[in-house]
Amino acid sequence: MFIRFHTFLTLSSGRLHIFSARPLSRAWPLHSRMESAVVRCLPGEPKLTISFILGGSQKHMQRDQDEPLGKALTRISHNFAKDQRKAKKSKKHMDQQASESPEVTPVKLIYEGHEVAETVLNSDAWQDGAVLQVGDVQYSIQRNAPSFITAELPVSMLADFPVCPKLEMEFGNLQECDFSWFKEKCTQTSPEAAETDAPQDTDWTQVGVGRVYVPTNQDIGCRLKLRCTPKDGSRSGLAKELVSVGAVEAGPGMCTFDNRHIYTVKETEWPTMRVVSYNILADIYAQTELSKTVLYPYCAPYALQLDYRQNLIKKELAGYNADIICLQEVDKGVFVDSLMPSLDAFGLEGVFRVKEKQHEGLATFYRRSKFQCLSSHDIMLSEVLTSDPIHSELLEMISKNSVLKDKILQRSTTLQVTLLEDVRRPDRKILIANTHLYWHPKGGNVRLVQMGVALKHLNHVKAAIAPEAPLIFCGDFNSSPDSGVFQLVTESLIPQQHPDWSSSEPEESCRMKLISGFPPMLSACGRLAYTNYVGGFHGCLDYIFLQPESMQVEQMIPLPTHQEVTTYEALPSVAHPSDHIALVCDLHWSP
């Protein structure tokens, strides 16, 4: 670091001090009350930010890092003088005072008891532990202190459903931050006062601590406030207060997953792991006119709204206490703004893969206390079919039917592949696959080709990076237990005579033999009556496939009863957020 000749440099205990060249008769006195000011200054960025409360309002000043300190101090002095003038103004003397020059407020920066020279560059002057003196007020400088760069409360809050803020921070650790929750107690009582636009005083009563708060029925009708203090070890940043836009509303009562949570109260312990696979119904599909009028006309419109469904989804997923969660039909915004913040608060990390040309995709979450992500090997099936040589034989076969080939290559179906490592035993690894195959009822031949590509890719990845890692393959396969896809996975091959090769139009039919490359896999939840239940259709479409030589099913969490599923005719409903039902099972790992 180069320092101009107009400053004195002294070295004491290995620390650099930058003092004013002007001789001082004594160190600058540090008295009065001490506030906090946060300075964000990173190498390579042209500007730094100074944040502090001045005259009762929050100030965020951006200054050039290579600007002399004196200019920044002068700007602070001018701002302080303007705030003082505003506070003193009255209607009677407004015109007279408007012509007055602002008073000069002494502003200095002190470091280790000495005034910092005004010629020192901002990047060097604003050191951690320095003191900014503005008139009689002193600010303790925290350079690159823990701070929240995003802090938001959800718009919709329901009693008995967890409320998780969306938080992003820098220079800190979310797991170490302090959180305090409050509910409002408005002092206004008369109906006449309620009809006025005059601001009302609000008292706040503390109701909880921690990153997640579950409102009670006593909170209905009240707004919530969250005070969060960013931390990193012993360092603390400026606390931030968030007030909800709306009040807590009544929840729907008993949901389809409440009884299932009885089986998942506790997290599993080695060698057991809990796995969830769930198509959560993307908002881009739930909000179409087709969905509202044809697919789900029995569902109350408000229960199809994203904010409402997200409350149910977050509570359902949190209550499973899972180690691995594979989700399909995840809107990109839902992953970033809702699932990531909420599941992170419950100890889960997540990775996301969006479908090409789509706004939804696949998400895989894993418990951070048990696993870490080593690598991702995601693919778009149609893309690798033509670009990766390992699929050349399959490509040659389907190229004999140009109509079928074109149909397959138009699909944006994706396979998400995540290699996880046990944080306690790095030699234990596991491969998690997640997909959502082609949806059309007559698309059995397309799904067979897609599954052939997926299994070939998984075989290649497994052999190349983790031969000993067991495979767990989750997803919405849009395939019944008597389908070719199910047979390919559970029997390792599909004959060329299978009827799924002729499931679509005659010009799209084909005949070929497919081999999975894996020993027969097991459906952890068996052959269920249904995992998808809508008006006019119900069937088993979702599976958790595992390799029985390394994984055994310890327990399958029972699905909701038929009565629970059909209480509101079908799914989704006010008590269930999707048209699919989550699969949940505990697996015994035998590496």
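**View 1. The largest pocket in this predicted model holds about 1300 Å³ of space.** A pocket here is an open set of points on a 1 Å grid over the protein atoms alone, where a 1.4 Å probe fits and protein lies on both sides within 12 Å along at least five of seven lines. Points are joined across faces, edges and corners, and the volume is the space filled by probe spheres set on them. Being a predicted model, local features need pLDDT of at least 70 and side-chain atom pairs count only at pLDDT 80 or more, while totals for chains, interfaces and linings use all residues. Residues are numbered from 1 along each chain as its sequence is written, and side-chain values use heavy atoms, with hydrogens and water left out.

**View 2. Here's what lines the largest pocket.** Its lining counts 46 residues, each with an atom within 4 Å of a point. Nearest the centre sit His436, Tyr438, Trp439, His440 and Asn478. Helix H6 (289-295) gives the largest share, three residues; helix H13 (444-465) and strands E30 (532-534) and E31 (537-539) each supply at least two. Helices (H or I, at least four residues) and strands (E, at least two) are DSSP runs, numbered from the N terminus. The lining has 15 nonpolar, 20 polar and 11 charged residues, with Ala, Val, Leu, Ile, Met, Phe, Trp, Tyr, Cys and Pro as nonpolar, Asp, Glu, Lys and Arg as charged, and the others, Gly among them, as polar.

**View 3. The second largest pocket holds about 500 Å³.** Of its 24 lining residues, Ser51, Gln58, His60, Ser147 and Leu238 lie nearest the centre. Strand E3 (34-40) is among the elements giving two or more residues, and E3 gives the most, five.
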